[in-house]
Amino acid sequence: MNTKKLTRYIGIAMVLGVVVGYFCNKYAQNAQEAKDIASYFSLITDIFLRMIKMIIAPLVFATLVSGLASMSDASAVGRIGLRAMFWFIAASAISLLLGLALVNIFQPGAHLNLALPDAAATAGLKTGDFTLKAFIAHVFPKSIAEAMANNEILQILVFSLFFGAALSFIRGKGHNTIYTMIDELAKIMFRVTDYVMRFAPLGVFAAMAAAITTEGLGVLLSYGKLIGEFYLGLALLWAILFGVGYLFLGKSTFRLGGLIKEPTLLAFSTASSESAYPKTIEALERFGVSKRISGFVLPLGYSFNLDGSMMYQSFAVLFIAQAYNIEMSFSQQLTLLLVLMVTSKGMAGVARASLVVVAATLPMFHLPEAGLLLIMGIDQFFDMGRTATNVVGNSLATAVIAKMEGKEEDLAPNAESAPATQTATRDA
């Protein structure tokens, strides 16, 4: 499907989803009936996301291994990895600091003046296993089949690093059969991606309709100030990210912004980074980023470079503190920033990850976990913005690192067409 057409269809689907959701919410007899109606819309969204998930593992494996095996310089892997991690840490720090600054300026929870809840009250989220120790152990797969079955991107990345390095060694001895097969697999997966993306507008429509049917437009008005301030923060973060990107990419930054419009819109409407991954890979290759860079940096970013989620976490924790009139000193907020920098790196593969990180962090600062209930009802609307921001941050990071590599084959700033692997996908 033509990229411009698909973007237009997704935009139309979002608007229709809001309209249909509004009428379903308005004419539902009660909240339970609204949830029942929304469940049918959610079924469609779930089917679409399942189709997306079925292509993630083979796509990540094929693109990453193919890219690594094509590297003649083994030291390039370490260099690219270090540059990526430096960018990720810097971007995470900026996101957290901006979130802390804005929530201190706007004081969105100060007017609530809530009484402290019962100490036994909780948000019902499982946080016991969410530790740095558990995350580090979880990085390394005990079975690649299990990792692929569960779409554990970081585990797939670790296995692919070993597999790609071994394949590169074998290629050096003149054995190219496996490499050719994996390279062809990547091309096949891009074609499968194109087929799945034809259902994107339907999935987007259902996701928006389900959210509005359940919550109604009123929730947007009731929490309008909080949501508005959060999205203002995201807009400022986008400006900073694109500004830094401009320092490296120049005017090409604007072209990159146009290319990632579709995956960003898809991520926003479905609140799923996975749904945007295939199209982000395609957009970066159309921009001129080589598959050896995009196939390595992008999966890494999905675990370590979640800029929108980082801002949300600092925003949410301080909002809860303000709602219960709990004063947090500057030193406590600085400590909070450092804690979130570490704990958020275990987000990948955790359901409702940002909420879980916040729930795990609250007790460390003697804040009531039940305070999370204040924002759980509208988390879908926060999730849409932070997921779209994650896609933007990872796209810019990948393009900048390709530019820093300084090789023509890693980034061709004036490239107007996609690599051969993408041509058929785009023109379908």
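Colleague: How many helices and how many strands are in the chain?

Modeller: This is a predicted model. Helices here are DSSP runs of at least four residues. On that count the chain has 20 helices and zero strands.

Colleague: What percentage of the 428 residues counts as buried?

Modeller: The cut-off is under 20% relative accessible area. Of the 428 residues in the chain, the share that counts as buried is 54%.

Colleague: Which residues of H6 are buried?

Modeller: Helix H6 covers residues 153-172. From first C-alpha to last it reaches 28 Å, close to the 28 Å expected for its 20 residues. Its buried residues are Ile153, Leu154, Gln155, Ile156, Leu157, Val158, Ser160, Gly164 and Leu167.

Colleague: How far apart are the end C-alpha atoms of residues 315-341?

Modeller: The UniProt annotation, from an unreviewed entry, includes residues 84-106 and 315-341 under "transmembrane region". Residues 84-106 are 100% helix, with end C-alpha atoms 33 Å apart. Residues 315-341 are 78% helix and 0% strand. Their end C-alpha atoms lie at a separation of 14 Å.

Colleague: Why is H10 roughly parallel to H19?

Modeller: H10 spans residues 224-249 and H19 spans residues 379-405. Their axes are 10 Å apart. Angles under 35 degrees count as roughly parallel. H10 is therefore roughly parallel to H19, as the two pack at an angle of about 5°.

Colleague: How many residues of the contact of H10 with H19 are nonpolar?

Modeller: The contact holds two charged residues and four polar ones. Its nonpolar residues number 20.

Colleague: What share of the contacts with a separation of 6 or more comes from residues 24 or more positions apart?

Modeller: A contact needs heavy atoms within 4.5 Å. Among contacts with a separation of 6 or more, residues 24 or more positions apart account for 86%.

Methods. Residues are numbered from 1 along each chain as its sequence is written. This is a predicted model: local features need pLDDT of at least 70, side-chain atom pairs count only at pLDDT 80 or more; totals for chains, interfaces and linings use all residues. Side-chain values use heavy atoms; hydrogens and water are left out. UniProt positions are given in the numbering used here, feature names are shortened, and annotations may be inferred rather than shown by experiment. Axes are lines fitted to C-alpha atoms, for helices over the stretch in contact, and angles run from 0 to 180 degrees between N-to-C directions. Angles under 35 degrees count as roughly parallel, over 145 as roughly antiparallel, 65 to 115 as roughly perpendicular and the rest as oblique. Ala, Val, Leu, Ile, Met, Phe, Trp, Tyr, Cys and Pro count as nonpolar, Asp, Glu, Lys and Arg as charged, and the others, Gly among them, as polar. The expected span of a helix is 1.5 Å times one less than its number of residues. Buried means under 20% relative accessible area, exposed over 50%, partly exposed in between (1.4 Å probe, protein chains only).
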